[in-house]
Amino acid sequence: MQIVSPCVVSLIWRLEDAHGQLIDELAEPVEFFVGGDDLLSKVEEAVLGQDEGFEATLHLEPEHAFGEYDPALVFFEERGVFGEHIAEGMQFDGLPEGTTTRDLPLDVVYTATEVYDTHVVLDGNHPLAGIALVLALKVRDVREASEEEIEQGSVAQTAITVLSAAAPSSQLH
């Protein structure tokens, strides 16, 4: 079956930075919805019109991957806002309740990158923002999308990886 929108593709890949450092690897196929938000647009463009077995190596500059790093999305908050259980790596969908920093986007996932006795550093950049990437991918399978997948614009069981969107919640960790 040829890859057309909408459909579901099963992919494996190896994702590295421009220096060849491994970032992510899908050794077992994972399904992604084509025609929604499951894949980066450059990845989707590369697979459209292709068939099972298609292989490609894509060089993705930051603007075609996770954007440029924006230092304005990094800020400090009082540690007391987070309670006892705050830890590096915890993520928040939008600004955590009680934050005092203003004029930051609400539709961003913020990560606690550093935790100190008095404050916490939050970063709204994607962990791969500002990084050029090399993605070697292979299409393992192609199938028609179900009515439910078409309606939601995503494959419900897709594992969260660096090339798919995280499901919204108040705290992701």
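Predicted model: local features only at pLDDT ≥ 70, side-chain atom pairs only at ≥ 80, totals over all residues.
Student: Ok, so which residue does Glu31 form a salt bridge with?
Tutor: Glu31 forms a salt bridge with Arg143, and the closest N and O atoms of the two are 2.9 Å apart. Since Glu31 lies in strand S2 and Arg143 in strand S8 (residues 133-143), the pair ties together parts that are 112 residues apart in sequence. Glu31 is partly exposed, with a relative accessible area of 26%.

Student: And how does Arg143 meet Glu149?
Tutor: Their side chains meet in a salt bridge as well, at 2.7 Å from N to O. Glu149 is buried, its relative accessible area being 7%, whereas Arg143 is partly exposed.

Student: How many salt bridges are there in the whole structure?
Tutor: A search of the whole structure finds 6. One of them joins the side chains of Arg14 and Glu25, with 3.4 Å from N to O; Arg14 sits in strand S1 and Glu25 in strand S2, 11 residues apart. Arg14, at 33% relative accessible area, is partly exposed, and Glu25, at 44%, is partly exposed too. Arg14 and Glu25 also belong to a network of salt bridges that includes Glu16.

Student: In what sense do S1 and S2 pair?
Tutor: Strand S1 (residues 7-17) and strand S2 (residues 22-34) pair in the antiparallel sense, over 9 bridges. Within that pairing, Leu15 has Asp24 of S2 as its bridge partner. The hairpin has 4 residues between the strands, and Gly20 takes a positive phi near 85° there.

Student: Switching to rings, how many aromatic pairs turn up?
Tutor: The search of the whole structure finds 3. Among them, Phe75 and Tyr110 form an edge-to-face pair, 5.6 Å centre to centre with 80° between the planes. That pair links distant parts of the chain, with Phe75 in strand S4 (residues 74-78) and Tyr110 in strand S6 (residues 109-115), 35 residues apart. Phe75 counts as buried at 7% relative accessibility, and Tyr110 counts as buried at 0%.

Student: Why is the pair of Phe82 and Phe92 called tilted?
Tutor: The ring centres of Phe82 and Phe92 are 5.8 Å apart and their planes stand at 50°, so the pair is tilted; the cut-offs are under 30 degrees for stacked and over 60 for edge-to-face. Phe82 lies in the loop between S4 and strand S5 (91-93), while Phe92 is in strand S5, so the pair ties together parts that are 10 residues apart in sequence.

Student: Are those two buried or exposed?
Tutor: Phe82 and Phe92 are both buried.

Terms used: Residues numbered from 1 in each chain as written. Heavy atoms only, no water. Phe/Tyr/Trp six-rings, centres within 6.5 Å; stacked < 30°, edge-to-face > 60°. Helix = DSSP H or I, 4+ residues; strand = E, 2+ residues; numbered from the N terminus. Buried < 20%, exposed > 50% of the residue type's maximum accessible area, 1.4 Å probe, protein only. Pairing = 2+ DSSP bridges. Salt bridge = Lys/Arg side-chain N within 4 Å of Asp/Glu carboxyl O.
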